[in-house]
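I opened my notebook for this one with a simple plan: look things up piece by piece and write down what turns up. Here are the entries.

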Amino acid sequence: MFVTIVHIEVLPKHIEEFIEASTENHMESVKEPGNIRFDLLRNEDYPNRFVLYEAYENASAAAAHKDTSHYLRWRETVAPWMAKPREGIRYTGLQPEF
């Protein structure tokens with residue numbers, strides 16, 4: 001399993017727009033071949049901080065996500081709303097095994 005955890009800090013005035021755009025991205029991403037999970041999480045203490053938890057069967061499926069129209073649209077749309085550049089950290093999923 002190939003996992004990326006993306007940390008995002010959004011400018012407070014764009015939080016609702018970010019959630020809407022990210023929800024649309026989520027809804028399409030979970031339909032992708034090889035997608036296992038695609039979660040949108042919000043920090044309870046800092047409501048302008050978010051995490052995307054992206055799990056794919058393999059690196060190829062994760063890479064294919066970056067070429068989808070919904071991801072490219074999301075990336076372009078939300079970029080100006082970020083307080084700082086997003087940070088994606090890659091992990092190898094050990095459990096559960098797929």
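**Entry 1: a lysine to start with**

Is Lys-31 buried or exposed? I looked up its relative accessibility, and at 60% Lys-31 counts as exposed. My cut-offs are under 20% relative accessible area for buried and over 50% for exposed, with partly exposed in between (1.4 Å probe, protein chains only). The side chain of Lys-31 meets that of Glu-28 in a salt bridge, at 3.3 Å from N to O. For a salt bridge I need a side-chain nitrogen of Lys or Arg within 4 Å of a carboxyl oxygen of Asp or Glu. Glu-28 itself is partly exposed, with a relative accessible area of 33%.

**Entry 2: ground rules**

A reminder to myself: this is a predicted model, so local features need pLDDT of at least 70 and side-chain atom pairs count only at pLDDT 80 or more, while totals for chains, interfaces and linings use all residues. Residues are numbered from 1 along each chain as its sequence is written, and side-chain values use heavy atoms, leaving out hydrogens and water.

**Entry 3: the overall chain**

I found 3 helices and 4 strands in the protein chain. Both kinds of element are DSSP runs numbered from the N terminus: helices are H or I with at least four residues, strands are E with at least two. Reading from the N terminus, the order is β-α-β-β-α-α-β.

Next I checked the radius of gyration, taken over C-alpha atoms. The chain has 13 Å, which agrees with the value near 13 Å for a compact globule of 98 residues. That globule rule is 2.2 Å times the number of residues to the power 0.38. Along the principal axes, the C-alpha atoms fill a box of roughly 40 × 30 × 20 Å. Of the 98 residues, 37% are buried.

I also looked at contacts, meaning heavy atoms within 4.5 Å. Among those with a separation of 6 or more, 68% come from residues 24 or more positions apart.

**Entry 4: the sheet**

In what order do the strands sit in the sheet? I read it as E2-E3-E1-E4, an open sheet with antiparallel pairing. Two strands pair if DSSP finds at least two bridges between them. The edges are E2 (35-42) and E4 (87-92), each pairing on one side only. From one strand to the next, the twist averages 15°.

I then went through the pairs:

- E2 and E3 (residues 49-56) pair over 7 bridges, and Asn-35 stands opposite Tyr-56 in E3.
- E1 and E3 are joined by 8 bridges, with Val-3 opposite Ala-55 in E3.
- E1 and E4 are joined by 6 bridges, with His-7 opposite Glu-87 in E4.

Helix H1 (residues 15-29) lies across E1 (2-9), E2 and E3, and runs at about 170° to E2. For that angle, axes are lines fitted to C-alpha atoms, over the stretch in contact for helices, and angles run from 0 to 180 degrees between N-to-C directions.

**Entry 5: inside strand E1**

E1 is mostly covered, with 6 of its 8 residues buried. I picked Thr-4, which lies in this strand. Thr-4 is buried, at 11% relative accessible area. Apart from neighbours within four places in sequence, Thr-4 is in contact with Leu-52, Tyr-53, Glu-54, Gly-88, Ile-89 and Arg-90.

**Entry 6: more salt bridges**

How many salt bridges does a search of the whole structure find? I get 4. One of them joins Arg-49 and Glu-9, whose closest N and O atoms are 4.0 Å apart. Arg-49 is in E3 and Glu-9 in E1, so this pair links distant parts of the chain, 40 residues apart. Arg-49 counts as partly exposed, at 35% relative accessibility.

Glu-9 also forms a salt bridge with Lys-84, with the closest N and O atoms 3.7 Å apart. Lys-84 is in the loop between helix H3 (69-78) and E4, 75 residues away from Glu-9. Through shared partners, Glu-9, Arg-49 and Lys-84 form one network.

Pro-96 is found in the segment after E4. As background, most peptide bonds are trans.
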